[in-house]
Amino acid sequence: MPTITAEQVLALAPDSSSAQAGRKLAAAKHWKSMGRDGAGLWGECLGSALYQVRVDLSSLSVKCSCPSRKFPCKHGIGLLLLAAEGAVPEDQQPEWMASWMAKRAATKEAPKTVTPDQPVAGAAAPDAQAQVEAAKRAAAKRVEKRQRLMTAGLDGLDLWLSDLMRNGLGGLEARGASFWESQAARMVDAQAPGVANRLRRMAGIPGASEDWPERLLAELGKLALLSHAWQRLDALDPPLRDTVRQAMGWNLSTVEVDTRGELVSDRWAVLGQWVDDSGERIRVQRTWLLGERSQRSAVIMQFATAYAPFAEVYPPGSVLVADLRFWPGAYPQRAYAFDGPGSAPPRLLEEGLGMRSARLPGHERINGLLRVYAEGLARDPWLDRLGCALRDVIPTLTPDGGWFLLDTADDALPLAGNGHWRLLALSGGRPIDLMAEWNGETLLPLGAVADGAYIPLMEAR
């Protein structure tokens with residue numbers, strides 16, 4: 001089975017209470033039977049009832065018969081912790097485990113949904129062709145309608161930006177979030193959610209720092225540039241056209257991504273992940289990966305309702321062998337693990353980031369990260385974040401309470417947030433390798449390698 005540490009298991013927990021409850025169940029006395037083989041991990045946990053816990057080791061997906069709405073539940077975390085300790089013996093799968101694994105395998109091998117270009121099974125060819133043509137015409141009308149709405153919405157946004165510039169930025173810190181939310185709501189009505197999200201993020205800039213007018217002006221400039229790019233969308237190169245559409249909030253279908261997206265095969269280091277649950281009903285998980293040979297940065301974005309599990313599991317600190325399919329664009333970063341025709345199924349390697357003799361893929365100097373980020377901005381002016389790994393860096397606390405990261409050349413970058421005491425303790429004043437997310441201003445720590453072990457940083461969650 002893939003090597004997984006207790007820290008990685010606890011990083012999969014949906015919250016701290018689930019992690020604590022899972023620790024309590026990581027003892028053999030709570031389990032009636034346990035077993036593992038090369039494909040799966042299973043056990044029956046004794047609680048208020050006898051709960052059957054199943055784990056698919058190819059993806060670390062957990063299924064439990066308990067009524068918990070958290071994924072993975074405390075029983076799954078407890079079983080994984082026992083496996084991390086080497087306390088689960090090898091055995092043959094029981095029937096209830098084998099049938100679950102068979103269903104998962106059948107689902108993976110099921111044919112994909114029929115696309116408009118394929119004939120409909122069981123229907124006469126002329127009728128099927130007519131249905132396809134009708135579907136294409138309806139889709140074209142929907143696209144045209146949305147483009148008109150977005151263009152009209154951006155016309156109004158341009159007037160709003162002009163008024164804002166004419167009146168000046170002074171006093172914006174006293175306007176409150178409602179000033180930005182009202183304009184964001186108009187962009188939602190115009191079916192441009194990407195623009196709405198940018199406006200909402202701007203609400204936190206006025207008054208947040210001494211240089212807030214400069215920071216706000218830069219974000220407003222990106223917004224104006226996006227509006228102007230949309231107005232001349234047809235004149236842009238196809239990759240930049242895709243970037244503009246996605247920045248506006250126009251999502252591509254899976255068929256479009258498969259057709260036009262770049263496929264990159266590599267060993268991918270799972271740098272770390274964090275979950276944004278600020279939405280009312282939807283949680284978003286970002287998992288950052290870095291290619292060993294390609295040195296490509298990739299982010300896998302997953303969406304789930306409040307209590308639903310994410311479809312795939314990517315333990316921070318693991319190494320994934322996979323073909324990643326990237327969304328088309330001027331500087332592609334978003335990707336997913338492709339498991340289609342001619343592609344080997346994604347798999348986690350037994351070796352983790354902290355268990356390898358070779359150095360991690362990453363930057364030796366901070367200047368290397370800044371150069372890559374500058375190249376990305378030159379191709380995609382709306383680039384918000386970049387996953388990265390920095391080697392031999394030292395976390396430092398300044399006398400005024402600021403947290404920074406120093407490299408071997410004494411160049412420094414500020415860390416996002418406060419209270420990075422655990423990171424400082426891991427370092428002990430010595431160089432470590434850090435995985436982080438860079439947004440152009442601050443580094444958000446995701447994980448670190450110290451003394452040959454990968455440690456997920458829970459602050460990132």
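**Figure 1. Packing of helix α2 in the predicted model.** The buried residues of α2 pack against α1 (6-11) and α3 (74-84). The structure shown here and in the other views is a predicted model. Helix α2 covers residues 16-24, and its buried residues are Ser18, Ala19 and Gly22. Seen down the axis of α2, these buried residues fall within an arc of 100°, so they line one face of the helix. On the other side of α2, Ser16 and Lys24 are exposed.

Figure 2. Ser18 has a relative accessible area of 5%. Because buried means under 20% relative accessible area, Ser18 is classed as buried. When neighbours within four places in sequence are left aside, Ser18 is in contact with Lys70, Lys74 and Ile77.

**Figure 3. The cis peptide bond between Phe71 and Pro72.** The bond that leads from Phe71 to Pro72 is cis, and its omega is near -10°. Pro72 belongs to the loop between β4 (61-64) and α3.

**Figure 4. Helices α6 and α7 and the contact between them.** The axes of helix α6 (residues 177-189) and helix α7 (residues 193-202) come within 8 Å and cross at roughly 175°. Angles over 145 degrees count as roughly antiparallel, and α6 and α7 are therefore roughly antiparallel to each other. On the side of α6, the contact is made by Trp180, Glu181, Gln183, Ala184, Met187 and Val188. On the side of α7, Pro193, Val195, Ala196, Leu199, Arg200 and Met202 take part. By class, the residues of this contact of α6 with α7 divide into nine nonpolar, one polar and two charged.

**Figure 5. Gln191 in the loop between α6 and α7.** Gln191 is not a glycine, yet it has a positive phi of about 60°. The relative accessibility of Gln191 is 34%, and the residue counts as partly exposed.

**Figure 6. The crossing of helices α8 and α9.** Helix α8 (residues 212-231) and helix α9 (residues 238-248) have axes that come within 10 Å and cross at roughly 125°. The crossing in which α8 passes α9 is left-handed. Leu226, Ala229 and Trp230 in α8 meet Val244, Arg245, Ala247 and Met248 in α9. The contact of α8 with α9 has six nonpolar residues, no polar residues and one charged residue.

**Figure 7. Asp410 in the loop between β12 (403-406) and β13 (412-414).** Asp410 is a residue other than glycine, and its phi has a positive value, near 65°. The relative accessible area of Asp410 is 60%. Because exposed means over 50% relative accessible area, Asp410 is classed as exposed.

**Figure 8. Leu446 in strand β15.** Strand β15 covers residues 443-450, and Leu446 lies within it. Leu446 is buried, with a relative accessible area of 2%. Along the chain, Leu446 and Ala389 are 57 residues apart, while their C-alpha atoms are separated by 9.7 Å.

Notes
Residues are numbered from 1 along each chain as its sequence is written. This is a predicted model: local features need pLDDT of at least 70, side-chain atom pairs count only at pLDDT 80 or more; totals for chains, interfaces and linings use all residues. Side-chain values use heavy atoms; hydrogens and water are left out. Axes are lines fitted to C-alpha atoms, for helices over the stretch in contact, and angles run from 0 to 180 degrees between N-to-C directions. Helices (H or I, at least four residues) and strands (E, at least two) are DSSP runs, numbered from the N terminus. A crossing is left-handed if the near helix is turned anticlockwise from the far one by less than a right angle, and right-handed if clockwise. Contact means heavy atoms within 4.5 Å. Ala, Val, Leu, Ile, Met, Phe, Trp, Tyr, Cys and Pro count as nonpolar, Asp, Glu, Lys and Arg as charged, and the others, Gly among them, as polar. Buried means under 20% relative accessible area, exposed over 50%, partly exposed in between (1.4 Å probe, protein chains only). The arc is that of the directions from the helix axis to the C-beta atoms. Angles under 35 degrees count as roughly parallel, over 145 as roughly antiparallel, 65 to 115 as roughly perpendicular and the rest as oblique.
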